[in-house]
Amino acid sequence: MPGISVREAKPDDLDTVVELRLSLLREYADHPLYGRLHPEARRRAFELYRAQLASPHETMFIAELGGEIVGVLRCVDTPSSPLLMPERYCYVSSAYVKPHTRRKGVLSALVEAAEHWCDARGITEMRLHNASGVRMAEGTWGALGFEVVEQVRRRSTHRPTAQHIGAHGDARAF
């Protein structure tokens, strides 16, 4: 779509990156993994995303439409198993487009920027996780050429949430 521009996020974009990525998590409030936001998620997000923006192994792209930053997508140059090919892949995460600008090509533009980033680094494959059972996300990623190749499963260990069991089986309060 005309008017969409994508660029690498800079440290000055940290406030916006935090806003967009926390908005993504809030959209999944009922999800068994992403819906369990830490009480200090916002403070922690600043620390985490500041480090990610400074990392030489990853980048975040932001999309602008009409002068407004409306989307974000993170790319990480990730080593694969030493037994498998390719040896490295791009892990795509934290893709988010503001609801009022969806279905206008913003995510496609972000994925295209990610593909150019991969090409510049000799990376030949992108991988991502998306929440299962969310038809719009599943359809969108499929339309962008991503195929389902595995599933992530979770099982609770029934440990008390107020304690952590150490490596030697001793209980420690958080």
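Trainee: Which residues have the most contacts inside the largest nonpolar core?

Mentor: This is a predicted model, where local features need pLDDT of at least 70 and side-chain atom pairs count only at pLDDT 80 or more, while totals for chains, interfaces and linings use all residues. Residues are numbered from 1 along each chain as its sequence is written, and side-chain values use heavy atoms, without hydrogens or water. A nonpolar core is a set of buried (under 20% relative accessible area, 1.4 Å probe, protein chains only) Ala, Val, Leu, Ile, Met, Phe, Trp, Tyr and Cys residues joined through side-chain atoms within 4.5 Å. The largest one has 44 residues, and those with the most contacts inside it are L73, V106, L107, L110 and W141.

Trainee: Thanks! Which element supplies the largest share of this core?

Mentor: Helices (H or I, at least four residues) and strands (E, at least two) are DSSP runs, numbered from the N terminus. Several of them supply at least two core residues each, including α1 (14-27), β3 (68-79) and α3 (106-121). The largest share, 9 residues, comes from α3.

Trainee: What separates R43 and E47 in helix α2?

Mentor: Their side chains meet in a salt bridge of 2.6 Å, N to O. R43 and E47 are 4 residues apart in α2, so the separation is about one helical turn.

How values were computed: Buried means under 20% relative accessible area, exposed over 50%, partly exposed in between (1.4 Å probe, protein chains only). A salt bridge is a side-chain nitrogen of Lys or Arg within 4 Å of a carboxyl oxygen of Asp or Glu.
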